[in-house]
Each structure stands twice: as structure tokens, then as C-alpha cells.
Amino acid sequence: MIEGVETVRDALRVGGTGRRTTVCGWVRTFRSGKNVAFASINDGSCHDSLQAVFELGLFDPGDFEGLCTGACVRLTGVLTDSQGREQDRELRAEELELLGPSDSDYPLQKKKHSNEFLRTVPHLRTRSATFTAVFRMRHHLATAIHDFFRDRGFFYVHPPLITSSDCEGAGETFQVTTLPLSSVPLRESGEVDYASDFFRRKAYMTVSAQLEAEPLALALGRVYTFGPTFRADHSDTRLHAAEFWMIEPEMAFFDLEDDMKLMEDCVRFIASRLEELCHAEIAFLSETVEPALASRYDAMLRKKFSRITYSGAMELLGSAQDGFERKVTWGDDLGTEHERYLCETAFDGPVFVTDYPATLKPFYHRLSDDGRTVACADLLAPQVGEIIGGSQREERLEVLAGRMAGAGIDPETYRWYLELRRWGTAPHSGFGLGFERMLMYLSGMSNIRDVLPFPRTYGSMV
Ligand code: 4AD
Ligand code: MG
């Protein structure tokens with residue numbers, strides 16, 4: 001940092017008034033009267049801006065050229081108690097240096113902009129009040145997650161981003177190759193010949209780190225990953241990104257009940273941490289984005305999460321069928337309208353849906369004694385749908401091999417995964433927490449594009 005410069009946050013909160021200080025920041029608004037001018041300066045260090053007051057007599061008129069919304073300034077002056085009602089303190093500016101001028105073309109003028117418009121200027125929307133708030137919350141959410149797992153004795157592990165497995169088996173992978181696209185080498189059979197590709201085999205960006213987290217959990221006990229995840233899912237919705245972050249804890253000797261308790265404790269911990277550290281951001285976003293934000297925090301912090309089995313959910317949905325575009329019966333996957341009905345109408349808060357039919361879930365979920373459901377739990381939340389997907393893993397070699405065969409998976413590709421069950425198998429469980437979905441729920445932002453600094457979604461990479 002430039003020597004002697006203090007953040008706006010410190011200027012507003014630390015020490016008393018009457019002291020001289022220097023701050024740097026971007027001008028949110030500037031207005032000039034006959035004798036005085038006011039600028040609101042924000043440097044992102046906190047939600048509040050610092051009001052700078054300029055006695056025009058102390059400056060040359062030329063000093064203010066280019067000083068308008070969007071400009072970057074360095075100001076030195078004395079912090080004083082403010083006469084205005086908006087703030088306790090302000091800066092009586094004595095020296096002004098325009099680090100970066102602006103002009104009336106700057107896209108973020110004072111008027112309110114739609115999030116759709118702001119998405120077209122991702123390099124500038126970062127400076128708006130909404131997005132600085134969201135990205136500060138993003139930071140606090142990430143550190144809260146690390147704190148939660150560290151405090152419980154989990155090891156933070158780093159599985160690869162390039163992998164040969166398609167964990168979720170949905171075929172929504174981005175392939176990684178260095179083969180020339182204009183002349184892909186083919187075998188006689190017409191299939192692509194990967195022998196000359198970089199890894200000498202087919203490779204993908206990871207869709208989930210779970211399979212690689214399992215060997216680590218079956219050695220270190222309790223581990224978690226926190227990294228980028230890539231899905232070439234052709235869903236152009238407000239909930240799907242092609243590149244998002246996932247937190248994947250994996251625990252030896254945990255059954256589904258332990259797993260669900262950890263999910264609930266984790267969500268509660270991070271919500272309480274954000275409520276404590278992001279007071280100003282939550283108040284601002286409640287006012288401008290989502291009036292129900294405070295009640296969301298209440299639902300997470302002060303109520304036990306509801307639970308329902310998939311079969312129970314089907315009964316509930318059955319009696320409410322008339323309202324749905326797509327009718328569902330046992331064995332069908334839940335669509336957005338059904339998930340919303342469960343958490344918004346039936347339970348009005350986060351709800352675990354457990355024990356899905358085996359046919360709806362990937363091969364690694366543990367088959368239950370009924371032979372048709374698996375030991376799994378999805379956590380659904382109002383407005384954002386599925387935040388967490390988790391399960392107890394199939395630890396029985398024969399059952400796992402049978403499930404893989406049923407899903408048409410080549411056992412050779414997953415030999416190592418089967419070997420974990422051959423030697424020293426152990427009951428174990430884990431889950432995947434969608435970082436952006438969680439942040440959407442905690443910030444009130446309704447589109448995943450607005451919680452990622454540079455969103456990558458189907459058909460779009462601004
Ligand atoms: O339910 P999913 O697909 O679960 C897994 O990948 C497991 N292998 C996780 C595990 O058990 N270790 O994904 C987990 C979560 C979802 O609940 C959702 O919150 C988020 O990841 N998610 C997405 N978030 C944004 N954009 C997408 N396209 C997402 N797909 C999943
Ligand atoms: Mg899922």
C-alpha cells in the first residue's frame with residue numbers, strides 16, 4: 001500500500017476524529033455547490049463510503065477536472081464529526097490528487113442499474129455497492145468454511161482438476177486435449193486415437209473431486225476439498241454455472257446420519273459467521289435485493305432443518321399435483337417446481353430430502369436394505385433449490401461392482417476405486433456443497449451469474 005494510506009474502513013472506525021489521514025478510493029458520487037463540494041469515496045474495504053468535503057477556496061478549479069463518478073483519488077485531510085445524518089465522520093480534504101480521472105461515459109453513473117446490464121461490464125460492476133458487498137461476503141464465506149472444517153480436525157486436501165473419471169456419470173464433462181482439432185487422429189474403428197494425446201488417454205476437467213477425496217479419507221480420516229468444478233451442462237438457468245466452486249468433505253466411519261448432522265452444522269456455522277461479519281452487507285442487500293434475507297438467516301440459525309424421504313415427498317407432491325406443469329410419480333426426478341414446492345410451500349425453509357431411488361443417483365451411493373433406494377440426502381433451500389448433495393458411499397465390493405455393471409461403467413477405468421473396497425474397506429460418507437448456491441442463499445442474489453466475479457455459463461463467457 002502507498003505509504004501513509006489508511007483504508008476507508010479504518011478511517012471510519014479506528015481512533016478518534018480530529019486526526020489527519022490519507023485515503024485512496026473510487027468516487028461513487030461527486031457534487032459541487034458554491035463554496036463546498038462533496039465526494040463519496042469507497043475503496044471496497046467496507047460497505048460504507050467516506051464523505052470527503054472540499055472547501056473550494058482551498059483548491060484551484062482545475063483540480064476538480066476529471067473528478068466525477070468513477071474517478072480514483074488520493075485525499076489527505078482531517079477526520080471530523082459530520083453534520084450530516086448519513087454518517088458519523090467525514091474527511092475535510094486539504095490535499096487532492098487525482099490518480100485516475102473519469103468522465104460522463106463511465107457506465108456506473110449514480111442511477112440504479114439492472115443486474116443484466118451490470119453483467120455486460122464485469123470488470124466495472126465489481127465497484128458497485130451490490131457487487132462489493134457480494135464479493136466481501138464471498139470472501140467471508142470461504143474463510144468460514146475453512147474455519148469450520150479446521151476446527152473439527154479435517155484435513156484440507158487437493159485432488160486434481162484434470163481427471164480421467166466422470167464422477168457423476170452424467171457425461172457433462174469438458175474434455176481436455178492437445179490433439180489438433182482440425183485433424184484428430186482416428187483408429188481403424190473410427191474412434192479417436194488418444195495414444196498421441198497429452199495424457200495418452202481421454203481426460204476431463206473434474207465434475208466433482210469426490211472419487212479422489214475417498215482414498216484420502218480412507219487414509220486420513222476426515223478430509224475436505226474446496227475447489228473449482230466444471231460442468232458442460234447445457235442448462236441456461238439462473239442456478240447453473242459451467243465453472244463453479246464446490247466444497248467436498250469426505251469422512252471415514254460416518255454414516256448418513258452423521259453426514260447430515262455435519263451438513264446442518266456446517267450451514268449453521270457459516271450462516272452465523274456471515275451474520276456476525278457481514279452486518280452492513282446483509283442490511284444493504286435486504287433493502288435493495290431480497291427483503292426476506294433476514295428471515296432466511298432465522299430459518300438457518302434458529303430452526304432445525306426439516307427432513308422428508310423421497311417417498312414421503314412423492315406423497316406430498318402427489319396430493320398437490322394439480323399445481324405442477326410436470327406430474328411426478330415414484331422414480332421420477334424432482335424438477336425445480338417440485339423442489340420449490342417442498343421448501344417454499346410445504347416446509348418454508350431448508351429441507352433434507354433423503355433416500356432417493358437408486359436409479360436416480362450415481363453408482364457410488366450406498367444401496368439400502370430395501371434394494372431400491374440409496375442412503376443419500378440433498379439439502380434444498382427456498383429460491384435456490386439444491387445447495388448440498390451427499391450420501392453414504394457403497395463400501396461393499398460386490399454391491400459396488402454390481403451397481404457399476406448396471407450403469408454400464410467399465411470396471412477397468414475404476415479399478416483403483418474398486419480396490420479401495422478390496423483392501424481395508426470402511427463405511428464412509430461425504431457431501432458436495434455448492435459454494436455459489438450457498439452464497440446466493442446467504443446474499444439474496446437470485447442469479448448465479450451475480451455471485452461469481454466472471455461467470456462462465458452455457459453460451460456465455462463475457
Ligand atoms: O449434487 P452434485 O452433483 O454432487 C456431487 O457432485 C457429489 N459427487 C458431491 C459429493 O458427494 N462429494 O453437486 C453438489 C452440489 C449441488 O448440490 C449444487 O449445490 C452444486 O454442487 N452444483 C452446481 N452449482 C452451480 N452450477 C452447477 N452447474 C452445479 N451443479 C451442481
Ligand atoms: Mg445433486
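Where in the chain is the place of Asp355? In this predicted model, Asp355 has its place in the loop between strands E13 and E14.

Figure 1. Most residues other than glycine have a negative phi. With a relative accessible area of 24%, Asp355 is partly exposed. Phe253 belongs to the loop between E11 and helix H6 (256–277). The relative accessibility of Phe253 is 62%, so this residue counts as exposed, the cut-off being over 50%.

**Figure 2. The open sheet of eight strands.** The strands follow the order E6-E10-E11-E16-E15-E14-E13-E12, and their pairing is mixed. Strand E6 (155–156) and E12 stand at the edges; each has a single partner strand, so one side of each is left without a neighbour in the sheet. E6 is joined to strand E10 (residues 222–230) by two bridges, and these two strands run parallel. Tyr156 has Tyr224 in E10 as its bridge partner. Helix H4 (residues 129–151) lies across E6, E10, strand E11 (243–252) and strand E16 (428–434). The direction of H4 is at about 150° to E10.

**Figure 3. A cluster of aromatic rings, and two charges over rings.** Ring pairs link six residues into a cluster: Phe148, Phe149, Phe154, Tyr156, Tyr224 and Phe269. Tyr156 and Tyr224, both in this cluster, are also bridge partners in the sheet. Phe269, another residue of the cluster, has the charged end of Arg152 sitting over its ring, 5.7 Å from the ring centre. A further charge is found at Tyr417, where the charged end of Arg421 sits over the ring, 4.1 Å from its centre.

**Figure 4. The ring pair of Phe305 and Phe352.** A pair of aromatic rings is described by the distance of the centres and the angle of the planes. The structure holds 22 aromatic pairs. In the pair of Phe305 and Phe352, the ring centres are 6.1 Å apart and the planes stand at 50°, so the pair is tilted. This pair links distant parts of the chain, its residues being 47 residues apart. Phe305 is in the loop between helix H8 (293–302) and strand E12 (306–309), while Phe352 is in strand E13 (residues 351–354). Phe305 counts as buried because its relative accessibility is 5%, and the limit for burial is under 20%. Phe352, at 0% relative accessibility, counts as buried as well.

**Figure 5. Helices H7 and H8 in contact.** Two packed helices are described by the angle between their axes and the distance between the axes. The axes of helix H7 (residues 279–288) and H8 come within 8 Å and cross at roughly 125°. That makes H7 oblique to H8. On the H7 side, the contact is made by Ile282, Leu285 and Ser286; on the H8 side, by Leu293, Ala294 and Tyr297.

**Figure 6. Leu380 and the residues it touches.** Leu380 has its place in strand E14. With a relative accessible area of 0%, this residue is buried. Not counting residues up to four places away in sequence, Leu380 touches Glu339, Leu342, Cys343, Gly349, Pro350, Val351, Val353, Gly385 and Glu386. Leu380 and Met260 are 120 residues apart in sequence, and their C-alpha atoms are 13 Å apart in space.

Note on methods
Residues are numbered from 1 along each chain as its sequence is written. Chains are lettered from A and ligands numbered from 1 in the order in which they are written. This is a predicted model: local features need pLDDT of at least 70, side-chain atom pairs count only at pLDDT 80 or more; totals for chains, interfaces and linings use all residues. Side-chain values use heavy atoms; hydrogens and water are left out. Rings of Phe, Tyr and Trp (its six-membered ring) pair if their centres lie within 6.5 Å; planes under 30 degrees apart count as stacked, over 60 as edge-to-face and the rest as tilted. Helices (H or I, at least four residues) and strands (E, at least two) are DSSP runs, numbered from the N terminus. Buried means under 20% relative accessible area, exposed over 50%, partly exposed in between (1.4 Å probe, protein chains only). A charge sits over a ring if NZ of Lys or CZ of Arg is within 6 Å of the ring centre and within 35 degrees of the ring normal. Two strands pair if DSSP finds at least two bridges between them. Contact means heavy atoms within 4.5 Å. Axes are lines fitted to C-alpha atoms, for helices over the stretch in contact, and angles run from 0 to 180 degrees between N-to-C directions. Angles under 35 degrees count as roughly parallel, over 145 as roughly antiparallel, 65 to 115 as roughly perpendicular and the rest as oblique.
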